[in-house]
Amino acid sequence: APIFLHVGLPHLVSNLIFQGRFGYIVERQLGSLRLSALYLLSGAFGNLTSAAMDPWKLAVGASTSGLGLVGARLVFALQHPEWHTPEQRRSLLYMAILLGAVFLASPATDFWGHL
């Protein structure tokens, strides 16, 4: 259950803001039940991948779940470009690249959980 654990209040708050922003949009597209399944499965798969690739690293936080939401939004933007303006698609792609760079640049970040 690492997706329900956080290092401190700033970690928790930043995850809540991020997931609230992306979760709201994905929930409108998928519905509550599918969003919940995506969130939990993304978190479980990300954490299992992390544990398999680096079993001695302790990882907490819901970033694996949040990045599953980003992935879902990217898929929607590619599959249904008519649902997004060109500006929204560029913004989403820019955000995904920026998040990837930030997550991968920090030595304390779990690389495999954020891949």
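Ser 63 is found in helix α3, where helices are DSSP runs of H or I of at least four residues, and strands are runs of E of at least two, numbered from the N terminus. At 15% relative accessibility, Ser 63 counts as buried, a class that covers residues under 20% relative accessible area, whereas exposed residues lie over 50% and partly exposed ones in between (1.4 Å probe, protein chains only). Between Ser 63 and Asn 47, which are 16 residues apart in sequence, the C-alpha to C-alpha distance is 9.7 Å.

The model described here is predicted, and for this reason local features need pLDDT of at least 70 and side-chain atom pairs count only at pLDDT 80 or more, while totals for chains, interfaces and linings use all residues. Residues are numbered from 1 along each chain as its sequence is written, and side-chain values use heavy atoms, with hydrogens and water left out. The average pLDDT of the protein (the predictor's confidence in each residue, from 0 to 100) is 79, and 87% of the residues score at least 70. Confidence is highest in helix α2 (residues 32–53), with a mean of 87, and lowest in helix α5 (residues 111–114), with a mean of 56.

The protein contains five helices and zero strands, and its elements follow the order α-α-α-α-α from the N terminus on. Of its 115 residues, 33% are buried. Among contacts (heavy atoms within 4.5 Å) between residues at least 6 apart in sequence, 70% join residues at least 24 apart.

When residues up to four places away in sequence are not counted, Phe 18 touches Gly 66, Leu 67, Val 70 and Leu 99.

Helix α1 also holds Asn 15, which is buried with a relative accessible area of 7%. Apart from neighbours within four places in sequence, Asn 15 is in contact with His 6, Ala 62 and Ser 63. Ile 17, by contrast, lies in helix α1 (residues 9–30) and is exposed, with a relative accessible area of 60%. Together with Leu 9, Leu 12, Val 13 and Leu 16, Ile 17 forms a nonpolar patch on the surface, with about 470 Å² of accessible area in total.

Gln 88, in helix α4, is partly exposed at a relative accessible area of 38%, and its C-alpha lies 8.7 Å from that of Ala 77, eleven residues apart in sequence.

Note on methods:
Patch = residues over 30% accessible without salt bridge, like charges linked within 9 Å, V, L, I, M, F, W, Y side chains within 5 Å. Areas by Shrake-Rupley, 256 points an atom, 1.4 Å probe, with all protein chains shown as cover. Salt bridge = Lys/Arg side-chain N within 4 Å of Asp/Glu carboxyl O.
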